[in-house]
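Let's take a walk through this structure together. Have a look at it first, and then we'll go through it piece by piece.

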Amino acid sequence: MNYEIIRLTDRPELKEEAAEWFHEKWGIPLAAYQESMEECLEGKNPVPQWYAAMENGKIIGGLGVIENELPSMSGTGGNISVWYRETASLICQECIFTEDESCFCLR
């Protein structure tokens, strides 16, 4: 297993591939991911941020940090709202995965 964590801001050419990947996993409209990723690339605010885990040139996992969507929490910073990994290809050294493949981060 040899994977690399990519920040979208470091590899903007992955925007469309990443947007399609997240769309396929979650069923959220593709345009919503494209818009959020474009906002990330503009860099005007600390959130949203998008990350992908790549293995052999293929996205095997991803994470999105977006503005907190709860009205009572708005303005409090980012919220990890999207997290997905393909089957056991991606092993996070700082997370504990349960039998149902839920992740509990040790950070």
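**Starting from the rings**

Trp21, Phe22, Tyr33 and Trp50 are linked into a cluster by ring pairs (rings of Phe, Tyr and Trp, the last by its six-membered ring, pair if their centres lie within 6.5 Å; planes under 30 degrees apart count as stacked, over 60 as edge-to-face and the rest as tilted). Before going further, keep in mind that this is a predicted model, where local features need pLDDT of at least 70, side-chain atom pairs count only at pLDDT 80 or more, and totals for chains, interfaces and linings use all residues. Residues are numbered from 1 along each chain as its sequence is written, and side-chain values use heavy atoms, with hydrogens and water left out.

In total, the structure holds four aromatic pairs. Take Phe22 and Tyr33: their rings are stacked, 5.7 Å centre to centre with 25° between the planes. Phe22 sits in helix α1 and Tyr33 in helix α2, so this pair ties together parts that are eleven residues apart in sequence. (Helices, H or I and at least four residues, and strands, E and at least two, are DSSP runs numbered from the N terminus.) Both residues are buried, meaning under 20% relative accessible area, with exposed being over 50% and partly exposed in between, for a 1.4 Å probe and protein chains only.

Phe22 also meets Trp50, and here the pair is edge-to-face because the ring centres are 5.0 Å apart and the planes are at 65°. With Trp50 in strand β2 and Phe22 in α1, this pair ties together parts 28 residues apart in sequence. Relative accessibility is 2% for Phe22 and 3% for Trp50.

Now widen the view. The largest nonpolar core has 15 residues, and Phe22, Tyr33 and Trp50 are among those with the most contacts inside it. Such a core is a set of buried Ala, Val, Leu, Ile, Met, Phe, Trp, Tyr and Cys residues joined through side-chain atoms within 4.5 Å. Two or more residues come from each of α1 (15-26), α2 (30-42), β2 (49-55) and β3, and α1 gives the most, with four.

What about β2 itself? Six of its seven residues are buried. Strand β1 (residues 3-7) runs antiparallel to β2, joined by five bridges; two strands pair if DSSP finds at least two bridges between them. On β2 and β3, seven bridges make another antiparallel pairing, and the two form a hairpin with two residues between them. Within β3 (residues 58-67) you'll find Gly62, which is buried at 8% relative accessible area.
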